[in-house]
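User: I would like to learn how to read aromatic contacts and strand pairing in a model. Please start with the general idea and then turn to the case at hand.

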Amino acid sequence: MRIICLIAAAGALTLALPRFGRAQEDPRIRELEERIRVLEERAAPAAAPAAEEAGVKSRPFLAENLLEKKFLEGIELVPGVLLSGLLEVEAEYEALRAEEGEDRKSSDLKLATFELGLDVDAIRYVHAHALLLWEEDETEPVDLDEGFVTLGAEEDFPGYLTAGRLYVPFGVFESHFISDPLTLELGETRESAVLVGYEDDLLGAALGAFRGEVGKAGTDPRVNNLVAALNLAPVEGLTLGGSWITDIAEGAGFSDLIPEGEVEEFVGGVSAYFILELGPLVLNAEYLGALKSFEEIPDPEGKGTELEGKEPKAWNTELTWAFVADWEASARYEGSDEFPGFPENQGGFCLSWGCFPNTTVSAEYLYGEYENGDQRNLTTAQLALEF
């Protein structure tokens with residue numbers, strides 16, 4: 001009541017004075033206003049601590065790369081519990097000029113992606129993440145894309161332990177396009193794994209183990225795969241690093257090329273990348289490939305597979321320019337070698353507009369050439385909403 005009376009008195013006195021006379025205000029008014037300020041500060045509730053002060057920190061750098069940095073901060077349901085999501089609607093037109101046989105044309109309109117993520121950071125040094133994924137014609141009805149717990153990964157405790165179902169840190173796959181780069185098509189690997197790592201402003205490192213989907217012929221299933229990654233940020237605006245995996249056949253690009261889910265011998269894989277940010281310009285490049293050729297892949301029909309005798313690899317280079325607020329243009333050149341079903345050379349451009357908060361409209365065009373002489377023109381438009 002005292003505060004209300006003081007505010008009313010100050011308001012009445014202030015309105016009674018002409019604007020040009022504010023410089024000669026009565027000292028009693030200034031004293032009254034100061035007393036109001038002090039009382040309001042005492043009555044106001046204490047401000048909530050900042051996220052970093054409260055011990056809440058985003059997932060480690062390596063994990064952010066694996067999630068392709070799609071998610072924003074999310075919606076706080078209760079303190080320490082964030083809900084985030086992604087919706088992508090796409091229209092696509094493809095024209096394939098065949099070297100042999102008939103040319104083909106097709107078009108499609110679909111809800112390409114729906115993701116719903118839950119992050120729990122209510123306990124210091126403990127972070128939980130779960131992600132549901134639905135992709136039209138691919139993961140119906142719904143797939144638990146990720147679910148893992150991270151211990152540590154705080155500013156005062158940069159080491160961490162992560163366990164659960166996740167995308168292991170093999171490859172980074174940085175891209176500003178709608179379509180995934182060929183490096184991701186070849187090497188993206190999701191498994192139930194355990195990772196140990198360290199991260200600060202300069203260095204990010206991780207080492208993990210998992211039991212893969214592909215096994216060695218004649219051996220019992222067991223945890224027999226390793227993955228390691230190293231990332232450096234030596235100067236502001238530059239990030240670079242590399243990764244290694246015991247068996248590159250665990251990547252998404254091999255699911256249809258190993259019919260029995262077995263190989264005679266594991267083929268290791270390596271990846272290297274850099275991201276250079278120069279004001280509105282971003283240049284990123286990545287290479288990912290096998291360390292040797294695949295040999296003697298078991299085939300129930302005894303005819304061998306397209307992968308036998310091949311050493312698949314892929315690379316991607318992109319230049320992005322944020323030329324005006326909420327607009328960016330990107331150019332891509334990528335390619336692959338001995339990677340069945342994917343272009344040997346591909347290039348194109350993408351234009352994106354942040355038309356509303358968290359809402360983006362994008363359009364891209366890609367031209368690709370295949371080993372057999374086929375040529376493809378692919379045009380895609382996308383409306384995406386993140387929350």
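Analyst: Rings of Phe, Tyr and Trp pair if their centres lie within 6.5 Å; for Trp the six-membered ring is used. The model here is predicted. In it, Trp-321, Phe-323, Trp-327 and Trp-353 form one aromatic cluster.

User: How many aromatic pairs does this rule give?

Analyst: The count is seven aromatic pairs. One of them is Tyr-125 with Phe-157, which is edge-to-face because the planes are at 70°, with the ring centres 5.9 Å apart. Tyr-125 is in the loop between strand 3 and strand 4, while Phe-157 is in strand 6, 32 residues apart. Tyr-125 is partly exposed at 31% relative accessibility, and Phe-157 is partly exposed at 45%.

User: How are the rings of Trp-327 and Trp-353 arranged?

Analyst: Planes under 30 degrees apart count as stacked. The Trp-327 and Trp-353 planes are 10° apart, with 5.4 Å centre to centre, and the pair is stacked. Trp-327 belongs to strand 16 and Trp-353 to strand 17, so the pair ties together parts 26 residues apart in sequence.

User: Which strands does strand 6 pair with?

Analyst: Strand 6 runs antiparallel to strand 5, with seven bridges between them. A hairpin of two residues joins strand 5 to strand 6, and Glu-154 stands opposite Phe-157. Strand 6 is also antiparallel to strand 7, through nine bridges; there Tyr-160 stands opposite Gly-197.

User: Where does the charged end of Arg-332 sit?

Analyst: The charged end of Arg-332 sits over the ring of Phe-177, 4.3 Å from the ring centre. Likewise, the charged end of Lys-216 sits over the ring of Phe-266, at 5.3 Å from its centre.

Conventions. Residues numbered from 1 in each chain as written. Predicted model: local features only at pLDDT ≥ 70, side-chain atom pairs only at ≥ 80, totals over all residues. Heavy atoms only, no water. Pairing = 2+ DSSP bridges. Helix = DSSP H or I, 4+ residues; strand = E, 2+ residues; numbered from the N terminus. Phe/Tyr/Trp six-rings, centres within 6.5 Å; stacked < 30°, edge-to-face > 60°. Buried < 20%, exposed > 50% of the residue type's maximum accessible area, 1.4 Å probe, protein only. Lys NZ or Arg CZ within 6 Å of the ring centre and 35° of its normal.
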